[in-house]
Amino acid sequence: MRNLTLKQFKTVQAIISHGKIVSAAKVLGLSPPAVTIQLRQVEEEFQLALFDRTSDGMRPTAAGLAFVETAQAIEERLRLLEDKMDAIKGVRIGSLRLGVVSTAKYFAPRLMAGFMKEHPDIDMRLAIGNRAETIDSLKNHDIDIALMGRPAKEVPVRASVFGDHPLVIIAPPDHPLASAREISKERIAEEHFLIREPGSGTRISLEIFLSDVPGRIDDLGVEMGSNETIKQAVMAGLGIAFISAHTIAAETEAGRLVILDVVGMPIRRQWFSVMRSDHAISPAMATFHDFLMRKGAMYLPLFGKLYPHEEPNTRGRAS
């Protein structure tokens, strides 16, 4: 393995990313025969095929996937080295790739702005995706830190809480239950729900909440692809939804949505800062993590009361 070169690692990564020798060669600025030679040299080194050659293109074998995982780790360490060298030269402190689940996009830009104001020398990039996409980005070393409602189990991670994440049930203002108090779980289970895709953190929490209502989670509701679509559908009267309170601040303040007073609500979850436990912590990552622990909660949307129609302290609920 001492004969392997960085160029060969980059070649195999390009083949996996683009699926064909010709496409990889174009991206690398090489000829297809040159790419083929480099791939052959690596396979001869290990005495294993890194790809199955199919009519649809190059499909990585188990050996190929293991090889590219190491390639990604090497690329990550080289980027960390570059950051450290820049810090020594005084060019900049480093770079940070932040990934957030779609629910967090309602506060992530403000949080980033606050951080970058304190640390203008850190080059910061933001990637937004659903939970599965964000976990894949962690797996592939495409992001340094992820903000999510539940730490990923698919990869080894270290996770730290930086704020509360309340989940609530919303309805249009003219809904029959809009002014009701102490709505039972059984009663709310009779309503038509608009829900996120399987695997979504809010959907999993709703399934847990309704799990003791016989048969209810077998037909949970109509799936929609984003919180924005769900909010618009609720405002249009197509149903009610279980959603992060952080996504509806503007709509509740404007009176376009109401939070239903359901027994057991809001469900209190937490926001986590997540990074791979096998990821070397760069100075920029450490600086951002410290900022989150000190000030992260300040950038979460706040509600004076989660139940705007009730009198203060009527039931001692936290807001």
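This is a predicted model: local features need pLDDT of at least 70, side-chain atom pairs count only at pLDDT 80 or more; totals for chains, interfaces and linings use all residues.
Student: Before going to single residues, how many helices and strands does the chain have, and what share of its residues counts as buried?

Tutor: The chain has 11 helices and 11 strands, and of its 319 residues 46% count as buried. Along the principal axes, the C-alpha atoms fill a box of roughly 70 × 50 × 30 Å. Residues 24 or more positions apart account for 74% of the contacts with a separation of 6 or more.

Student: How should I read a salt bridge, and which residues does Glu 118 pair with?

Tutor: Side chains of opposite charge can pair when their charged atoms come close. In this model the count comes to 16 salt bridges. One of them joins Glu 118 to Arg 294, with the closest N and O atoms 3.7 Å apart. Glu 118 lies in helix H5 (residues 108–118) and Arg 294 in helix H11 (residues 283–295), so this pair ties together parts that are 176 residues apart in sequence. Glu 118 also meets Lys 295 in a salt bridge, at 2.5 Å from N to O. Because Lys 295 lies in helix H11 and Glu 118 in helix H5, that pair ties together parts 177 residues apart in sequence.

Student: Which residues form the nonpolar patch on the surface, and which helix gives the most to it?

Tutor: The patch consists of Leu 6, Leu 78, Leu 81 and Met 85, with about 350 Å² of accessible area together. Helix H4 (residues 62–89) gives the most to the patch, with 3 residues. Leu 78 lies in helix H4, and because its relative accessibility is 41%, Leu 78 counts as partly exposed.

Student: Where in the backbone do Gln 47 and His 141 lie, and what is the phi of each?

Tutor: Gln 47 has a phi near 60 degrees, a positive value in a residue other than glycine, and its place is the loop between helix H3 (32–46) and strand E1 (51–54). His 141 has a positive phi of about 60 degrees although it is not a glycine, and is found in the loop between helix H6 (131–139) and strand E5 (145–148). Gln 47 is exposed, with a relative accessible area of 65%, whereas His 141 is buried, with a relative accessible area of 8%.

Student: Which peptide bond is cis, and where is Pro 266 found?

Tutor: The bond from Met 265 to Pro 266 is cis, with omega near -5 degrees, and Pro 266 is found in the loop between strand E10 (258–259) and strand E11 (267–276).

Key
Residues are numbered from 1 along each chain as its sequence is written. Side-chain values use heavy atoms; hydrogens and water are left out. Patches are made of residues with over 30% relative accessible area and no salt bridge: like charges are joined within 9 Å, nonpolar side chains (Val, Leu, Ile, Met, Phe, Trp, Tyr) within 5 Å. Accessible areas come from the Shrake-Rupley method with a 1.4 Å probe; for residues, only the protein chains shown count as cover. A salt bridge is a side-chain nitrogen of Lys or Arg within 4 Å of a carboxyl oxygen of Asp or Glu. Helices (H or I, at least four residues) and strands (E, at least two) are DSSP runs, numbered from the N terminus. Buried means under 20% relative accessible area, exposed over 50%, partly exposed in between (1.4 Å probe, protein chains only). Contact means heavy atoms within 4.5 Å.
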